[in-house]
Amino acid sequence: MAWLLAFPSRSRLAGVAVLAVLIAGAAYGASTSVAAPTSAQATTIRVLDYYAVEPDKTIVGNVLTACGKSVGVKINRDAIPGANLIQRVLQEASSHTLPDVLMLDNPDLQQIAQSGALTPLSNYGISATGYVKGVIAASTYKGKLYGLQPITNSIALFYNKDLLAKAGITPPKTWADLRADSKKLTSGSTYGFALSAPATYEGTWQFMPFMWSNGGNERNINTPNVAAALQLLVDMKSDGSMSPSVVNWSQSGVDDQFKAGTAAMMVNGPWQFPVLNGVGGLHYGVVPIPVPKAGQPVVSPLGGETWTVPNTGDKTKEQLAAKVVQCINSNKNQMVLGKERQVVPTKLALLPQFVKANPALAAFATVVKTARARTGELGVNWPNAATKIYTAEQCALTGQGTPQSCLAQAQSG
């Protein structure tokens with residue numbers, strides 16, 4: 001599930017766009033006639049999600065079962081592969097058979113909400129007061145909250161404790177530290193720094209902390225702020241402290257380099273913990289990604305999934321479904337899901353006690369407080385900007401142009 005937690009694929013985004021047209025053409029929820037449910041029907045809530053792989057399938061399934069009992073309904077769950085979710089939603093929207101509770105990767109929510117397939121959670125008296133600001137933005141469309149996200153993730157800097165100790169350095173906090181430390185850690189077959197920079201949305205996801213933390217904005221990437229962030233990566237590639245192969249590496253590929261000892265530091269997410277913890281002799285730590293100047297907050301992208309109540313036309317079930325969504329987001333379940341899935345609760349008040357119980361996630365708990373939703377600025381137009389960003393990054397890192405010229409070309413294109 002790491003890739004889905006990180007960024008939506010191009011095919012999934014295309015499916016979302018088709019769904020918006022399909023539902024809008026059918027005037028979903030406006031003229032659809034739905035038969036009144038029987039009492040038996042009303043006590044069964046159908047849930048659709050993409051946690052189809054263990055251990056997440058069982059972890060989430062246990063929470064759903066418990067919530068069903070709490071609300072007084074039977075949960076009929078359909079967990080399918082992530083790549084198939086949007087296509088399934090499209091099919092069920094066209095046949096007016098949407099589930100009662102629908103889980104979505106958070107960047108997909110705004111386009112699904114735009115289509116009319118979801119109901120505002122305010123209909124059920126639900127708010128997101130006390131949640132991480134970026135999480136609220138990710139589940140909001142035109143000022144209305146359409147989803148609640150119990151847990152989230154982001155990316156941070158992983159470092160090899162033994163290699164840094166041998167070099168006599170501490171984890172970097174600023175860009176200047178990162179450059180100097182990466183150069184010092186580069187020796188033999190080991191590069192000082194690695195990140196994922198392919199010509200995909202995954203490359204954009206990993207570049208965002210550098211761009212956003214330096215004041216860059218996806219509305220216009222042809223700016224000195226974005227150019228400086230891209231120049232940082234170009235410089236590290238040029239001085240040999242970052243492999244030129246980063247343009248081909250996925251996040252899992254970067255993790256392979258780190259666990260093999262050929263990268264002393266890397267940008268990655270908590271979904272790598274199970275893999276890294278299984279490597280004998282590897283001692284690593286995690287800190288927030290370095291920022292341009294000391295004391296600045298890092299601004300990283302938020303990942304994770306949000307839970308919604310589709311517009312089925314069955315008001316009885318919609319009310320029950322909303323209670324299930326509330327239950328999934330309870331304090332208890334946020335703590336349980338955070339611990340078992342190695343991610344972070346989205347309620348700010350829970351973070352101190354969560355970090356105390358799960359110290360390995362301390363850096364991520366810090367990062368999410370100032371993290372941003374990918375769709376927060378441009379909404380449904382985010383995918384176009386994401387494409388421009390990874391296009392410019394590839395251009396600069398493969399030597400096709402300077403950061404300034406590559407950004408200008410990508411922005412105009």
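Colleague: Why are helix 9 and helix 11 called roughly parallel to each other?

Modeller: Helix 9 (residues 175-185) and helix 11 (residues 224-238) pack at an angle of about 10°, and their axes are 10 Å apart. Angles under 35 degrees count as roughly parallel, over 145 as roughly antiparallel, 65 to 115 as roughly perpendicular and the rest as oblique. Helix 9 and helix 11 are therefore roughly parallel. Axes are lines fitted to C-alpha atoms, for helices over the stretch in contact, with angles from 0 to 180 degrees between N-to-C directions. This is a predicted model, in which local features need pLDDT of at least 70 and side-chain atom pairs count only at pLDDT 80 or more, while totals for chains, interfaces and linings use all residues. Residues are numbered from 1 along each chain as its sequence is written, and side-chain values use heavy atoms, leaving out hydrogens and water.

Colleague: Which residues of helix 9 and helix 11 meet?

Modeller: Trp175, Leu178, Arg179 and Ser182 in helix 9 meet Ala228, Ala229, Leu232, Asp235 and Met236 in helix 11. By class, this contact has six nonpolar, one polar and two charged residues. Ala, Val, Leu, Ile, Met, Phe, Trp, Tyr, Cys and Pro count as nonpolar, Asp, Glu, Lys and Arg as charged, and the others, Gly among them, as polar. Contact means heavy atoms within 4.5 Å.

Colleague: What makes helix 4 and helix 15 roughly antiparallel to each other?

Modeller: The axes of helix 4 (residues 56-71) and helix 15 (residues 331-341) come within 10 Å and cross at roughly 170°. That angle is in the range set for the term, so helix 4 and helix 15 are roughly antiparallel. Asp56, Ile59, Val60, Val63 and Cys67 in helix 4 meet Asn333, Leu337, Glu340 and Arg341 in helix 15.

Colleague: How many helices and strands are there?

Modeller: The protein has 19 helices and twelve strands. Helices (H or I, at least four residues) and strands (E, at least two) are DSSP runs, numbered from the N terminus.

Colleague: Why does proline 99 count as buried?

Modeller: Buried means under 20% relative accessible area, exposed over 50% and partly exposed in between, with a 1.4 Å probe and protein chains only. Proline 99 has 0% relative accessibility, so proline 99 counts as buried. Proline 99 lies in the loop between helix 5 (85-94) and strand 3 (101-105). Leaving aside neighbours within four places in sequence, proline 99 is in contact with Arg46, Leu48, Glu92, Pro310 and Thr312.

Colleague: What makes histidine 96 partly exposed?

Modeller: Histidine 96 has a relative accessible area of 36%, so the label is partly exposed. Histidine 96 also lies in the loop between helix 5 and strand 3. Its phi is near 55°, a positive value in a residue other than glycine.

Colleague: What kind of aromatic pair do tyrosine 50 and tyrosine 51 form?

Modeller: Rings of Phe, Tyr and Trp (its six-membered ring) pair if their centres lie within 6.5 Å; planes under 30 degrees apart count as stacked, over 60 as edge-to-face and the rest as tilted. The count by this rule is ten aromatic pairs. Tyrosine 50 and tyrosine 51 are 5.8 Å centre to centre with 70° between the planes, an edge-to-face pair. Both tyrosine 50 and tyrosine 51 are buried.
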